[in-house]
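Visitor: I would like to learn how to read a few features in a structure. Please take them one at a time.

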Amino acid sequence: MGVAAGPIRVVVAKPGLDGHDRGAKVIARALRDAGMEVIYTGLHQTPEQIVDTAIQEDADAIGLSILSGAHNTLFAAVIDLLKDRDAEDILVFGGGIIPEADIPPLKEKGVAEIFTPGATTASIVDWVRANVRQPAEA
């Protein structure tokens, strides 16, 4: 896969019934302020809606924010849908209230990184820059 032109494109999504999106909005703003293009999907998105948006928007990554405890199910559904739709090149990362014991199985499933409470916006921006495709030089 070649390097696409333009800034890194990230879909930030709140899957499931979780109704608290302050953290997702903070991350979306931090990524935007770092020069990335961010598409925020809003609350109560299904995995199908999230993957559809990522494909339609030609996203490089999906950032999921989950506080509801449904992280194992929702992350897996997004990863599986990306595989089913031949879009495995879209990197998935996320954060929220995720127990440490659940992180290794999520990474084995294909989630690239998990950020837990206390992660700084700078560390998330740095990780995205280091792990998602680099924008082409102008």
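Visitor: Is Glu57 exposed, partly exposed or buried, and what is its relative accessibility?

Guide: First, a caution: this is a predicted model. Now the general idea: buried means under 20% relative accessible area and exposed means over 50%, with partly exposed in between. Glu57 has 32% relative accessibility, so it counts as partly exposed.

Visitor: Which side chain meets that of Glu57 in a salt bridge?

Guide: In general, look for a side-chain nitrogen of Lys or Arg within 4 Å of a carboxyl oxygen of Asp or Glu. Here the partner of Glu57 is Arg9, at 2.8 Å, N to O. Glu57 sits in the loop between H2 and S3, and Arg9 in strand S1. The two are 48 residues apart, so the pair links distant parts of the chain.

Visitor: Is Arg9 buried or exposed?

Guide: The relative accessible area of Arg9 is 19%, so Arg9 is buried.

Visitor: Which other residue meets Arg9 in a salt bridge?

Guide: Glu37, at 2.0 Å, N to O. Arg9 is in strand S1 and Glu37 in strand S2, residues 37-40, so this pair ties together parts 28 residues apart in sequence. Glu37 is partly exposed, at 31% relative accessibility.

Visitor: How many salt bridges does a search of the whole structure find?

Guide: The search finds 8. Another of them joins the side chains of Asp33 and Arg32, at 2.7 Å, N to O. Asp33 counts as exposed, at 56% relative accessibility. Arg32 is partly exposed, with a relative accessible area of 45%. Shared partners join Arg9, Glu37 and Glu57 into one network of salt bridges.

Visitor: On to the nonpolar core. Which residues touch the most other members of the largest one?

Guide: That core has 24 residues, and the best connected are Ile62, Leu64, Phe75, Leu82 and Val92. S1, H2, S3, H3 and H4 each supply at least two residues. H3 gives the largest share, 6 residues. Apart from this core lies another, of 17 residues, including Ala24, Ala28, Ala61 and Phe93.

Visitor: What does Val92 touch, leaving out residues up to four places away in sequence?

Guide: Among its contacts are Ile62, Leu64, Phe75, Val78, Ile79 and Leu82. Gly110, Val111, Ala112 and Glu113 are also touched by Val92.

Visitor: Where does Gly95 lie?

Guide: Gly95 is in strand S4, residues 91-96. At 13% relative accessibility, Gly95 counts as buried. Beyond four places in sequence, Gly95 touches Leu64, Ser65, Ile66, Phe75 and Phe115.

Key: Residues are numbered from 1 along each chain as its sequence is written. This is a predicted model: local features need pLDDT of at least 70, side-chain atom pairs count only at pLDDT 80 or more; totals for chains, interfaces and linings use all residues. Side-chain values use heavy atoms; hydrogens and water are left out. A nonpolar core is a set of buried Ala, Val, Leu, Ile, Met, Phe, Trp, Tyr and Cys residues joined through side-chain atoms within 4.5 Å. Buried means under 20% relative accessible area, exposed over 50%, partly exposed in between (1.4 Å probe, protein chains only). Helices (H or I, at least four residues) and strands (E, at least two) are DSSP runs, numbered from the N terminus. Contact means heavy atoms within 4.5 Å.
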